[in-house]
Amino acid sequence: MVLRRWQELYARAESASKTFFSEHFGDLCARCAEAAETAADPSICCCRRTNFVPEILTDPLLGELADESLGHSLYALSGPHNRRGCAALGPAGCLLPFGRPDPCHAYICDALYDSLDAILPLDLLCRIRDALEVYSRIREAPRRDDSEFQGCVAQVAELEALFSLASEQIWAQSAAFALRKEEALREMLPPAPIG
């Protein structure tokens, strides 16, 4: 029962991150993943660089969340552990509704960071980066006391509020944000092959 409340809190944080990043960066991430696939080079796309499935399988908090959200055991997706890229990635992105490890939520690649940096005040961007540390905090916390749980609840609420504030600012500057995303994508991706 104690683990369950931590899982629910982790899923709440995941939901906030997935909503924010898919709304504002789903197009950029899809093009990055497509470029990695076309070039047969997983290193282009941060989601394809590391196979996190073995880590999820051995983590009680993440493993149960992943299994429950999939409706079956994650083990079926694990495949060969020495494969290039993450075994949880499908053609349309991550196959895991919940139970993704903290790097999947807390890591902001250069293209995303540059896009946000062009729109958001530095203070807000720094506060978001700090609040994203809640994933690691929750994963380490289930062995701790109730005050630690309440601290994580407050940090998840702060993350949700920061994402809401950032979204308002992004929408208010949507044209500039779209332009900066295109520039960041051109800078990040390799040039198209000639011929």
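Keep in mind that the model is predicted.

**Helix H10 and its surroundings**

Let's start with H10, which runs over residues 146–172. Its 27 residues reach 39 Å from first C-alpha to last, close to the 39 Å expected at 1.5 Å a residue. Quite a list of its residues is buried, including Phe 149, Gln 155, Val 156, Leu 159, Leu 162, Ala 166, Ser 167 and Ile 170.

Glu 148 sits in helix H10 and counts as buried because its relative accessibility, 15%, is under 20%. Setting aside neighbours within four places in sequence, Glu 148 is in contact with Trp 6, Arg 137 and Ala 141. Cys 152, also placed in helix H10, is buried with a relative accessible area of 0%. With residues up to four places away in sequence not counted, Cys 152 touches Trp 6, Leu 9, Val 134, Arg 137, Ile 138 and Ala 141. For a sense of scale, Cys 152 and Leu 95 are 57 residues apart along the chain, and their C-alpha atoms are separated by 26 Å.

**The aromatic cluster**

The structure holds seven aromatic pairs. Two of them share Phe 21, and here is how they look:

| Pair | Centre to centre | Angle between planes | Geometry |
|---|---|---|---|
| Phe 20 and Phe 21 | 5.1 Å | 85 degrees | edge-to-face |
| Phe 21 and Phe 163 | 5.7 Å | 80 degrees | edge-to-face |

Why does the Phe 21 and Phe 163 pair count as edge-to-face? The planes stand at 80 degrees, which is over 60, and the centres at 5.7 Å lie within 6.5 Å, so the rings pair and get that label. This pair links distant parts of the chain, with Phe 21 in helix H1 and Phe 163 in helix H10, 142 residues apart.

Phe 20, Phe 21, Phe 25, Phe 163 and Phe 177 form one aromatic cluster.

**The largest pocket**

Next up is the largest pocket, with a volume of about 1000 Å³. It is lined by 40 residues, and the closest to its centre are Cys 29, Cys 46, Cys 47, Arg 100 and Cys 104. The elements giving two or more residues to this lining are H1, helix H2 (46–49), strand E2 (93–94), helix H6 (102–106) and H7. H1 supplies the largest share, 12 residues. By class, the lining has 28 nonpolar, six polar and six charged residues.

**A loop residue**

Finally, Ser 73 lies in the loop between helix H4 (60–70) and helix H5 (75–78). With a relative accessible area of 36%, Ser 73 is partly exposed. Ser 73 and Asp 123 are 50 residues apart in sequence, and the distance between them is 41 Å, C-alpha to C-alpha.

Notes: Residues are numbered from 1 along each chain as its sequence is written. This is a predicted model: local features need pLDDT of at least 70, side-chain atom pairs count only at pLDDT 80 or more; totals for chains, interfaces and linings use all residues. Side-chain values use heavy atoms; hydrogens and water are left out. Helices (H or I, at least four residues) and strands (E, at least two) are DSSP runs, numbered from the N terminus. The expected span of a helix is 1.5 Å times one less than its number of residues. Buried means under 20% relative accessible area, exposed over 50%, partly exposed in between (1.4 Å probe, protein chains only). On a 1 Å grid over the protein atoms alone, a cavity is a set of points where a 1.4 Å probe fits but cannot get out, and a pocket is an open set with protein on both sides within 12 Å along at least five of seven lines; lining residues have an atom within 4 Å of a point. Grid points are joined across faces, edges and corners, and a volume is the space filled by probe spheres set on the points. Ala, Val, Leu, Ile, Met, Phe, Trp, Tyr, Cys and Pro count as nonpolar, Asp, Glu, Lys and Arg as charged, and the others, Gly among them, as polar. Rings of Phe, Tyr and Trp (its six-membered ring) pair if their centres lie within 6.5 Å; planes under 30 degrees apart count as stacked, over 60 as edge-to-face and the rest as tilted. Contact means heavy atoms within 4.5 Å.
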